[in-house]
Amino acid sequence: MSIKKVRQHPTQNEPLIFERSQKGRIGYRLPKLDVEETNLDEVIPEHLRRNDDLDGFPEVSEVDVVRHFTRMSTWNYSIDLGMYPLGSCTMKYNSRLNEKVARIPGFTNLHPLAPEEEAQGALELMYRLQEDLAEITGLPGVSLQPAAGAQGEMTGILLIRAFLDKRDGEASKDRRVMLVPDSAHGTNPASAQMAGFTVKTVKSTSEGLTDIQHLKQLCSEGGIAGLMLTNPNTVGIFEKNIREICEIIHEAGGLVYMDGANMNALVGVARPGDMGVDVIHLNLHKTFSTPHGGGGPGSGPCCCSAELEPFLPVPRIVKEGNRFRLDFNRPNSIGRVKAFYGNFGMMIRALSYIYTHGAEGLKEATETAVLNARYIAHHLADTFEKPFDSDCMHEVVFSHKKQARKGVHTIDIAKRLIDYGFHPMTIYFPLIVDGAMLIEPTESVGRQDLDAFIDAMKSIAKEAEENPQIVIDAPHTTRIGRLDEATAARKPILRWKPDMESMTKTA
Ligand SMILES: Cc1ncc(COP(=O)(O)O)c(C=O)c1O
């Protein structure tokens, strides 16, 4: 066999572990049996015995296995490799310190059923995190139970429902309309509907803001339970009329839910509670030190006004003197929404993130996240169509309108970005922008990386103009080329326009 054939260059395709198999090769050696060998026939009846046919299993050495999987691990893009501008996901770099703290054995080995007396440290940590989130949001009631942003939404909406039922009694059944702007995150109408509300869609203006006239008109139709507002909304724009919006909803007898998953644009600078918002959820797995996605657990704490606090899930963590305990005796509570107390490891990371930043550091992170997004918005505004003129917050949306004239669409631009060494941005979301490219750089990118990203995007736009096919056929540098999704996306998705009414209609 020639050297060329034996040696596997890292840039070549990797054979399957089965193809590496060599008869008789092993990766383990068990110690010699130091007890008498048992005759299985005597202890386990035949029909209960597993018949492992090991034929066909790969026979490989330890080094084969380690190198095979290590090589493949280097094909993945990760937050540790570079910028991850996936809009709406806040894929920021998070300090190793927070990971280290989350792995302190006293925390990781604590059993969720440990008696309160033996879990004082964990309870204190949760209590302190609640206090800090209350301070950050300006909303005093906090539950850390929800295990995802969407579950935090559902919890918040159930609080609204429980509050209205208590306030209005029988009459509350006539108040079942939840207003949701068309620029909201898709989980918002889903949560509202799951909580038993009928969703009505509020239009956006050409500036990307909630259309106040339309909001007033919908309110005048009656039955308003509340509004679910993503702020900054999914086009990255701050609802500057938020106070007026809250007043309109309150006058109509409803409550305001703010989707706070985009709080990376506000922490330390503005507090939803001060804007008139009644209830909000946060995504700890975006803003507070756990990366979004990647298969790990989520955490979507729900923060609410004092009026809604009695309805929060049980158990609540209460402080009595210097001790902490779990309070189940809350007769108005909507009940439990998650086993035990929520995803504790993420709470540790979040508190570590808050403490290591301090109040000033949190504010600085927010300002940098917004500055970075605006830097990209400014430098790419002449190259890509920017559907809204308003200044963006933590993320900026472009469309493929200019490039589509040459047959280059959002999916092609995203795939070509991979060739330039970047993870693609979020594509075809938000739905209200045709061919959307949603870019969120976060605060953890320096000027050099921002410039490199901007250069890559400009270069792709130039290619789209001069040699569109190179973009349409991208990626060229990955081990696997364009998958079928490309054809699928170019055909149905690009011609598809969201029908928000039917998407949000109550069954
Ligand atoms: C604005 C917004 N709301 C809600 C969610 C839902 O969060 P989760 O994916 O944790 O359910 C997301 C997710 O990124 C989001 O961006």
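**Figure 1. Overview of the predicted model.** The protein has 20 helices and 12 strands, where helices (H or I, at least four residues) and strands (E, at least two) are DSSP runs numbered from the N terminus. This is a predicted model, in which local features need pLDDT of at least 70 and side-chain atom pairs count only at pLDDT 80 or more, while totals for chains, interfaces and linings use all residues. Residues are numbered from 1 along each chain as its sequence is written, and side-chain values use heavy atoms, with hydrogens and water left out. The C-alpha trace spans about 80 × 70 × 50 Å along its principal axes. Of the 507 residues, 49% are buried; buried means under 20% relative accessible area, exposed over 50%, and partly exposed in between (1.4 Å probe, protein chains only). The protein exposes about 25600 Å², and carbon and sulfur atoms supply 53% of this area. Accessible areas come from the Shrake-Rupley method with a 1.4 Å probe, and for residues only the protein chains shown count as cover. Among contacts with a separation of 6 or more, 69% are between residues 24 or more positions apart; contact means heavy atoms within 4.5 Å.

**Figure 2. The open sheet β10-β12-β11.** Three strands form this open sheet in the order β10-β12-β11, with antiparallel pairing. The edge strands are β10 and β11 (426-427), each of which pairs on one side only. Two strands pair if DSSP finds at least two bridges between them. Strand β10 is joined to strand β12 (residues 436-439) by four bridges, and the two run antiparallel.

Figure 3. Val314 and Pro315 are joined by a cis peptide bond, with omega about -5°. Pro315 lies in the loop between β7 (302-304) and β8 (316-320). Another cis peptide bond joins Phe429 and Pro430, with omega about 5°. Pro430 is found in the loop between β11 and β12.

**Figure 4. Surroundings of Asn98 and Ser289.** Asn98 is found in helix α5, and Ser289 in the loop between α13 (284-287) and β7. The side chains of Asn98 and Ser289 are joined by a polar contact of 2.7 Å. A polar contact is a pair of N or O atoms within 3.5 Å; within protein, one must be able to donate a hydrogen and the other to accept it, and residues adjacent in sequence count only if both atoms are side-chain atoms. Asn98 counts as buried because its relative accessible area is 1%. For Ser289 the relative accessible area is 0%, so Ser289 is buried. Apart from neighbours within four places in sequence, Asn98 is in contact with Ser289, Arg349, Ser352, Tyr353 and Thr356. Ser289 has phi near 85°, a positive value in a residue other than glycine.

Figure 5. Thr442 is found in the loop between β12 and α17 (447-466). Its phi is near 65°, a positive value in a residue other than glycine. Thr442 counts as buried because its relative accessible area is 1%.

**Figure 6. Tyr77 and its contacts.** Tyr77 lies in the loop between α4 (62-73) and α5 (96-102). The relative accessible area of Tyr77 is 25%, so this residue is partly exposed. Its side chain reaches the backbone oxygen of Met83 at 2.7 Å. Leaving out neighbours within four places in sequence, Tyr77 is in contact with Gly82, Met83, Tyr84, Gly421, Phe422 and His423. Tyr77 and Cys89 are 12 residues apart in sequence, with a C-alpha to C-alpha distance of 15 Å.

**Figure 7. A nonpolar surface patch.** Leu40, Val43, Ile44 and Leu48 form a nonpolar patch on the surface, with about 360 Å² of accessible area together. Patches are made of residues with over 30% relative accessible area and no salt bridge; like charges are joined within 9 Å and nonpolar side chains (Val, Leu, Ile, Met, Phe, Trp, Tyr) within 5 Å. A salt bridge is a side-chain nitrogen of Lys or Arg within 4 Å of a carboxyl oxygen of Asp or Glu. Ile44 is found in the loop between α3 (40-43) and α4. Ile44 counts as partly exposed because its relative accessibility is 32%.
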